[in-house]
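This report goes through one protein model, element by element.

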Amino acid sequence: RRVLFRSVHAASRVGVQSYRNKFLLPGDKKTQLEKTWGGLRCLILEEVSMIGADFYNMLLYRSFHGRRTRWHVKEADYDKLRGAFGRMPLVLHLGDFLQKKPIGQSSVSLIENLKEKERLGKLKPDFPPEWNMAMKLFCAVPYCFELQASNRIKEPKLRALMDFIRNPPKKIPDEIRSHWRSIQLAGNEAKLQEHRFQIGHMIGIYWSTVSRWMMMRAKRDASSLQTPLVLVQAADLCKPVMPLADAKKLMNAHNPYETGGMHGMLALHVGMRIRLLEKLDQMNTLVKDSEDAIGRIVPHPDDAARLENATGTVYLTKLPIGIWVRMDKYDGAPFVKRLHDHDISLQSADTRKLVFIEPFAAESAFTFRKVSVQRTGFPISHAQVVTSTACQGRTMPDGVLIDCGRQPPTGKNNDKGKDDDDWWLDLYVMLSRATRLEDLLLIRAPDLEFFAKGPPKTLCQQLAKFAKRTEACRAEAERIAKELGLDGFLRAE
């Protein structure tokens, strides 16, 4: 059977654009959509809390066009249960809405209360009706089940803390206060020198935090591994020519997704774990956020002497020819036989996972200080220094250092309550990545009273509607199981 793993955009065969239906007609992509969607029997949407109404409608509409002929679907039914996703037989939505919301100025959560948003003046007057219908469809999903066990957090202390954060009692238990105090970073914390934190993850809410930490971490790890720290600068073509002062600012811009999907300056070393910021080979698991370790950096011939036998920090004057990375989840290297013929000691078990990442030209230009910039570089970032958005859905078994700090509210439209809600979600995501309480260390954490208020109220009100349906679904599932003689498999409460 055919199993496909796709991002929302790749599955819809669209790039970054307007997500209104009139711009989502298949055009010359119709054949590709039919090939992608026509034969599918099951659709699984992972981390659905991060799929906004715009993207959800995009999937509905594009999958409809990919299946309409084969499965006789009417356009009027594409956003109804009877025709959703082109009459897909089975659709599973997986996710936790107490985690990060969709990213993007136009993205709205699938369970957002639009009336409340409108009352607060935060709903655009031209909010597309098709997005509204997509939200109604999602909220009308007939079967809802809650997974009540966690495979990630098995240690009692951390589980107790996370249970408190999700559903705090009126009074904060002394045990929870003790747990919270134990993970605050105070001064020169000796725990930071422990191996689990030296090899573990570092998480911050903002790229401004993460980008600084990446440079610090790479420098420290390169020194520890006694290997050169290699500085790789992206190549930018600017129209008009950018002033030198602005060019320096651009090299240090924090968020790579605002600069062509690449960092202006990369600090790399052999042994460093990197993650892909763009897909390289979607059909062979080299998708965005795939990660593993650098095996070798192949310099441009003009820099070969500079890197050979180097120690300390090496600044390359030109983009490297490429970077060799060993990817554990990849086994499609096309040069396995050739390497073995060259040297019989190079066995396929070792070489089939090798990936050579070449310099990458951004698909489109970006604008920085009114100058158009076309960037060429490497679409990679440090895998163990990440933002709260990038860490969602991941398990981090070693030490986790978290910067909980948030930027202060700015502007009349930046409501403080909304900021508190977003901060709660960021903190919840970051705290729930570890598997043990003792593996957490926090910087600039709020007082525990912040969590005593509970999750965002508007979100809880929306989730309460699903909770009622969950109870009804559970009762119905138990009834059917007993009728079929499968009640012995039901878990005892």
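## The parallel sheet

Leu-401 stands opposite Leu-441 in β18. Strand β17 (residues 400-403) pairs with β18 in the parallel sense, over 4 bridges. Two strands pair if DSSP finds at least two bridges between them. Helices (H or I, at least four residues) and strands (E, at least two) are DSSP runs, numbered from the N terminus.

The model is predicted: local features need pLDDT of at least 70, side-chain atom pairs count only at pLDDT 80 or more, and totals for chains, interfaces and linings use all residues. Residues are numbered from 1 along each chain as its sequence is written, and side-chain values use heavy atoms, with hydrogens and water left out.

The open sheet has 4 strands with parallel pairing, in the order β16-β3-β17-β18. Its edge strands, β16 (385-387) and β18 (440-443), each pair on one side only. From one strand to the next, the twist averages 20°. Helix α10 (residues 207-225) packs on this sheet and touches β3 (201-204), β16, β17 and β18. The direction of α10 makes about 175° with that of β16. Axes here are lines fitted to C-alpha atoms, for helices over the stretch in contact, and angles run from 0 to 180 degrees between N-to-C directions. Contact means heavy atoms within 4.5 Å.

## Two buried residues

Leu-229 belongs to strand β4 (residues 229-233). Leu-229 is buried at 5% relative accessibility. The classes are: buried under 20% relative accessible area, exposed over 50%, partly exposed in between (1.4 Å probe, protein chains only). Residues up to four places away in sequence aside, Leu-229 touches Ala-218, Lys-219, Ala-222, Ala-267, Leu-268, Gly-312, Thr-313 and Val-314. Leu-229 and Leu-401 are 172 residues apart in sequence; their C-alpha atoms are 23 Å apart.

Lys-100 sits in the loop between β2 (90-93) and α5 (114-119). Is Lys-100 buried or exposed? Its relative accessibility is 14%, so Lys-100 counts as buried. Beyond its neighbours within four places in sequence, Lys-100 contacts Ser-49, Met-50, Ser-388, Thr-389, Gln-392, Asp-426 and Val-429.

## Salt bridges

Side chains of opposite charge can pair when their charged atoms come close. A salt bridge here is a side-chain nitrogen of Lys or Arg within 4 Å of a carboxyl oxygen of Asp or Glu. By this rule the count is 29.

Asp-221 and Arg-220 form one, at 2.8 Å from N to O. Asp-221 is buried, with a relative accessible area of 14%. Arg-220 is partly exposed, at 32%. Arg-394 and Glu-291 form another, at 2.7 Å. Arg-394 lies in the loop between α15 (388-391) and β17, and Glu-291 in strand β8 (residues 291-298), so the pair ties together parts 103 residues apart in sequence. Arg-394 is buried at 18%; Glu-291 is partly exposed at 21%.

Asp-420 bridges to Arg-406, the closest N and O atoms being 2.8 Å apart. Asp-420 is in helix α16 (residues 416-431) and Arg-406 in the loop between β17 and α16; the two are 14 residues apart. Asp-420 is buried at 12%, while Arg-406 is partly exposed at 28%. Salt bridges that share partners also join Glu-194, Arg-196, Arg-436, Glu-438 and Asp-439 into one network.

A cis peptide bond joins Lys-239 and Pro-240, with omega about -5°. Pro-240 lies in the loop between β5 (235-239) and α11 (244-251).

Which phi does His-72 have? A positive one, about 55°, although His-72 is not a glycine. His-72 is in the loop between α3 (53-71) and α4 (84-87). His-72 is exposed, at 65% relative accessible area. Asn-309 has a positive phi too, near 60°. Asn-309 is in the loop between α12 (304-307) and β9 (313-315). At 72% relative accessibility, Asn-309 is exposed.

## A nonpolar patch

Ile-44, Leu-90, Leu-92 and Leu-94 make a nonpolar surface patch of about 330 Å². Ile-44 is in strand β1 (residues 42-45). Patches are made of residues with over 30% relative accessible area and no salt bridge; like charges are joined within 9 Å, nonpolar side chains (Val, Leu, Ile, Met, Phe, Trp, Tyr) within 5 Å. Accessible areas come from the Shrake-Rupley method with a 1.4 Å probe; for residues, only the protein chains shown count as cover.
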